[in-house]
Amino acid sequence: MEVAGQKGRVCVTGAGGYVASWLVKLLLSNGYKVHGTVRDLSEEKNAHLRKLEKASENLQLFKADLLDYDTLKAAFAGCEGVFHVASPVPATKVLDPEAKVITPAVNGTLNVLQACSEKKIKRVIVVSSIAAVLLNPRWPHDKLQDEECWSSEEFCRMIENWYFLSKTMAERAAWKYAEKNGLDLVTVCPSVVVGPLLQPTASTSSLFLIYAIKGGPEPMNNSLWNIVDVRDVADALLLAYERPEASGRYLCAPYPITIRDLVDLLKGMYPNYGYPKNIIEVPPNPPLTSEKLKKLGWKCRPLEETLNDAVECYREAGLLDELEGRTFHFPPLFNLTAKTGTQVSVE
Ligand SMILES: NC(=O)c1ccc[n+]([C@@H]2O[C@H](COP(=O)([O-])OP(=O)(O)OC[C@H]3O[C@@H](n4cnc5c(N)ncnc54)[C@H](OP(=O)(O)O)[C@@H]3O)[C@@H](O)[C@H]2O)c1
């Protein structure tokens, strides 16, 4: 029986990551007992989790790797639900895509789902991405991209976007597994996630916004980007878990905006940063719709609030300071048009 104010026990994979940290915070504040998996229990980068409200009584961290089945099974023991969030989100050029991105994403997801079946998990929420939606050359340019749209694995390979390929393959594999094994699965596909950080370092998607503020040597395409607040993603994941009627995929991409408009908006709020000088026009990409998620009851905060809270957080953490002698590069996974040969790190 559920005690008033107390929910069940759930597990979050990759708990110390950007999205997962906000989800853990939300689950704790909603009365859940949370198991969180991390790869290294002693790492400083996960220390923020232990400082979350109610963490001392309701958060238990487990050392687990997506490619180590038994560690996942141990973390899921006693849980009713699992949020599978962990997946490689590379900030730099990937030299060994199969080992570093595709295998952990795809085999990792299958390990998670199999462990869920074995541990009789009632519902699994897998965090996919619009990376599994966007790259579909056959989709008409003037038609809204919705949950029916899937990225083409062939196209992802052709442009060597290993992250997009990994998310597409992982979500497809998840659906195949769930249908075959009767697992209650819901997937959520967020767009570019920004907003304040709970952890001490910038996540890969935060680098996208930091680049749009600071500028850098690489040009930015003036395509339509879709932005979502990290706190709203956490809300979407909880909603997908708690609403019995939730089913299938959910796009979570509320704010389409071109880079030029985003930069103009940011300049109006914070006029004193460098901002990208080289914005190149590209053919328009189809817009996305999050109507299905909104119909489930999802609400999101205004874009200005997200940008404001993100910038204040970056400022406080010193992430917008100029680092002498260092060049700030655009994360290559966001480069969707060219074969990604660009140099790619925060050197
Ligand atoms: N941020 C976005 O814009 C965005 C948009 C759409 C979807 N997503 C999805 O949201 C999820 C979280 O992304 P994020 O932005 O929060 O990235 P993140 O901060 O880099 O978090 C990724 C997490 O995955 C863990 N991980 C990676 N490989 C692993 C492995 N082999 N075993 C166990 N854990 C592993 C990482 O652990 P370590 O810390 O140990 O490396 C980290 O905790 C991912 O599935 C991503 O694809 C993100």
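## Helices α5 and α7

Helix α5 (residues 97–118) and helix α7 (residues 162–181) have axes that come within 9 Å and cross at roughly 20°. That makes α5 roughly parallel to α7, a label used for angles under 35 degrees, while angles over 145 count as roughly antiparallel, 65 to 115 as roughly perpendicular and the rest as oblique. The axes are lines fitted to C-alpha atoms, for helices over the stretch in contact, and the angles run from 0 to 180 degrees between N-to-C directions. Helices here are DSSP runs (H or I, at least four residues), strands are runs of E with at least two, and both are numbered from the N terminus.

Two residues are in contact when their C-beta atoms, placed from the backbone, lie within 7 Å. The residues of this α5–α7 contact divide into 16 nonpolar, four polar and one charged. In this scheme Ala, Val, Leu, Ile, Met, Phe, Trp, Tyr, Cys and Pro are nonpolar, Asp, Glu, Lys and Arg are charged, and the others, Gly among them, are polar.

## How to read the model

Please keep in mind that this is a predicted model: local features need pLDDT of at least 70, side-chain atom pairs count only at pLDDT 80 or more, and totals for chains, interfaces and linings use all residues. Residues are numbered from 1 along each chain as its sequence is written.

## Helices α1 and α9

Another helix pair is α1 (18–29) with α9 (residues 230–242), whose axes lie 9 Å apart and pack at an angle of about 60°. α1 and α9 are therefore oblique to each other, and α1 passes α9 in a right-handed crossing.

From α1, Tyr 18, Val 19, Trp 22, Leu 23, Leu 26 and Leu 27 take part in the contact. They meet Val 230, Arg 231, Val 233, Ala 234, Asp 235, Leu 237 and Leu 238 of α9. By class, this α1–α9 contact has 11 nonpolar, no polar and two charged residues.

## Around the ligand

The ligand has 26 residues around it, and Gly 14, Gly 17, Tyr 18, Ser 87 and Ser 205 come nearest. A residue is near a molecule if its C-beta atom, placed from the backbone, lies within 6 Å of it. α1, α5, β7 (192–194) and α8 (204–214) each supply at least two residues of this shell, and α1 gives the most, with three. By class, the shell has 14 nonpolar, nine polar and three charged residues.

## The covered helix α8

α8 is mostly covered, with 10 of its 11 residues buried. A residue counts as buried if 20 or more other C-beta atoms lie within 10 Å of its own, as exposed if 12 or fewer do, and as partly exposed in between, with C-beta atoms placed from the backbone. Among the buried residues of α8 are Ser 205, Leu 207, Phe 208, Ile 210 and Tyr 211. The buried residues of this helix pack against β7, α10 (259–269) and α12 (303–317). Just after α8, Gly 215 takes a positive phi of about 75°.

## Two buried loop residues

Val 85 is found in the loop between β4 (81–84) and α5. Val 85 is buried, with 27 other C-beta atoms within 10 Å. Leaving aside neighbours within four places in sequence, its contacts include Val 12, Gly 14, Gly 17, Leu 23 and Val 127.

Tyr 32 sits in the loop between α1 and β2 (33–38) and is buried too, with 24 other C-beta atoms within 10 Å. Beyond neighbours within four places in sequence, Tyr 32 is in contact with Lys 7, Gly 8, Val 10 and Leu 27.

Most residues other than glycine have a negative phi. Lys 54, in the loop between α2 (47–50) and α3 (55–58), has a positive phi near 70°. Lys 54 is partly exposed, with 16 other C-beta atoms within 10 Å.

Tyr 275 also has a positive phi, near 55°, and is found in the loop between α10 and β12 (279–280). Tyr 275 is partly exposed, with 19 other C-beta atoms within 10 Å.

Notes:
A crossing is left-handed if the near helix is turned anticlockwise from the far one by less than a right angle, and right-handed if clockwise.
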